[in-house]
Amino acid sequence: PLFPADLRRRGVGPDDRLDVARAPAVVAAIEGATRALAARPCAAYLLARPGVDVAVENTQPPSVILGAGAATLDDPALAFLAARTLDLVDHGWALVGRFAPRDVGILLELACRFAGASPPSRGLPPERAGAFLAALELNVPASARSAARALGAAAAEELEDLDPRTLAAALRRTANRVGLLYAGDPGAALRVLSLLDRRLEGGAIDPAQALALPDLRDLALFALSEPFLELRAAALG
């Protein structure tokens, strides 16, 4: 409720709501990943614009906005995209992915104050803090408030040395790994990441250029690691 998104600014309308008639494979991929990850509910939209593109917006429930290219992906690529996206939704990407690093720091400071801690200042204006905290008290369930307060002091201590850019990168790379563990196909996963990265637009993808990008390199190294093989075997039972 503090930072609501207006989907109309992204050109999203009711007719763009994802359904089985428009893109059955995309719906099946999202439903399957939701069950497997016990992910929070979200509203999914498929726009007519070309390309493989994903945005997560801060609505209630969170909104996932996909470019039309998602419907052209094969099943392993769709499975990776769905699981990656849902993991990002679960970890607050609707705000972390939208805000500049300084504003992410302010958001984290606000969360620590809501949890009853006294974090170092990351730029939260004192005159606005009270209104934000009052809105959180009004809207956050009691169980979530209780869980937050158990973590407040430790979170405030960590905030002093936290780089918001590092946090955002960690959330992306964790989601990439979750997507790969779920889908199981490194080639499909790396292909999707390359399609999502605008720096690789405009023609054939050079493997060396792609693997120079930190997120793709991280996932490629994870796919070649023993932990991936062990975790994938555990996931398969």
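Does Phe-228 count as buried or exposed, and at what relative accessibility? Phe-228 counts as buried, at 5% relative accessibility. The cut-off explains the label: buried means under 20% relative accessible area. The model behind this value is predicted.

Phe-228 has an aromatic partner. With Phe-222 it forms an edge-to-face pair. The centres are 5.6 Å apart, and the planes make an angle of 65°. The class follows from the angle, because planes over 60 degrees apart count as edge-to-face. Phe-222 is buried too, with a relative accessible area of 7%.

Now widen the view to the other rings. The whole structure holds three aromatic pairs. One of them joins Phe-3 and Phe-132. This pair is tilted, with 50° between the planes and 5.6 Å from centre to centre. Where do Phe-3 and Phe-132 lie? Phe-3 sits in the segment before α1 (24–37), whereas Phe-132 belongs to helix α5 (residues 126–139). The pair therefore ties together parts that are 129 residues apart in sequence. Both Phe-3 and Phe-132 are buried. Phe-99 joins them: ring pairs link Phe-3, Phe-99 and Phe-132 into a cluster.

Turn next to the helices. Helix α4 spans residues 101–114, and helix α7 spans residues 164–183. They pack at an angle of about 90°, and their axes are 8 Å apart. That angle makes α4 roughly perpendicular to α7, because 65 to 115 degrees is the range for this class. Which residues make the contact? Helix α4 supplies Pro-101, Val-104, Gly-105 and Leu-108. Helix α7 supplies Pro-164, Arg-165 and Leu-167. By type, the residues of this contact are five nonpolar, one polar and one charged.

The last stop is a strand. Ser-63 is found in β3, which covers residues 63–66. Is Ser-63 buried or exposed? Ser-63 is buried, with a relative accessible area of 1%. Its side chain has a polar contact with the side chain of Thr-59, at 2.6 Å.

How values were computed: Residues are numbered from 1 along each chain as its sequence is written. This is a predicted model: local features need pLDDT of at least 70, side-chain atom pairs count only at pLDDT 80 or more; totals for chains, interfaces and linings use all residues. Side-chain values use heavy atoms; hydrogens and water are left out. Axes are lines fitted to C-alpha atoms, for helices over the stretch in contact, and angles run from 0 to 180 degrees between N-to-C directions. Helices (H or I, at least four residues) and strands (E, at least two) are DSSP runs, numbered from the N terminus. Angles under 35 degrees count as roughly parallel, over 145 as roughly antiparallel, 65 to 115 as roughly perpendicular and the rest as oblique. Contact means heavy atoms within 4.5 Å. Ala, Val, Leu, Ile, Met, Phe, Trp, Tyr, Cys and Pro count as nonpolar, Asp, Glu, Lys and Arg as charged, and the others, Gly among them, as polar. Buried means under 20% relative accessible area, exposed over 50%, partly exposed in between (1.4 Å probe, protein chains only). A polar contact is a pair of N or O atoms within 3.5 Å; within protein, one must be able to donate a hydrogen and the other to accept it, and residues adjacent in sequence count only if both atoms are side-chain atoms. Rings of Phe, Tyr and Trp (its six-membered ring) pair if their centres lie within 6.5 Å; planes under 30 degrees apart count as stacked, over 60 as edge-to-face and the rest as tilted.
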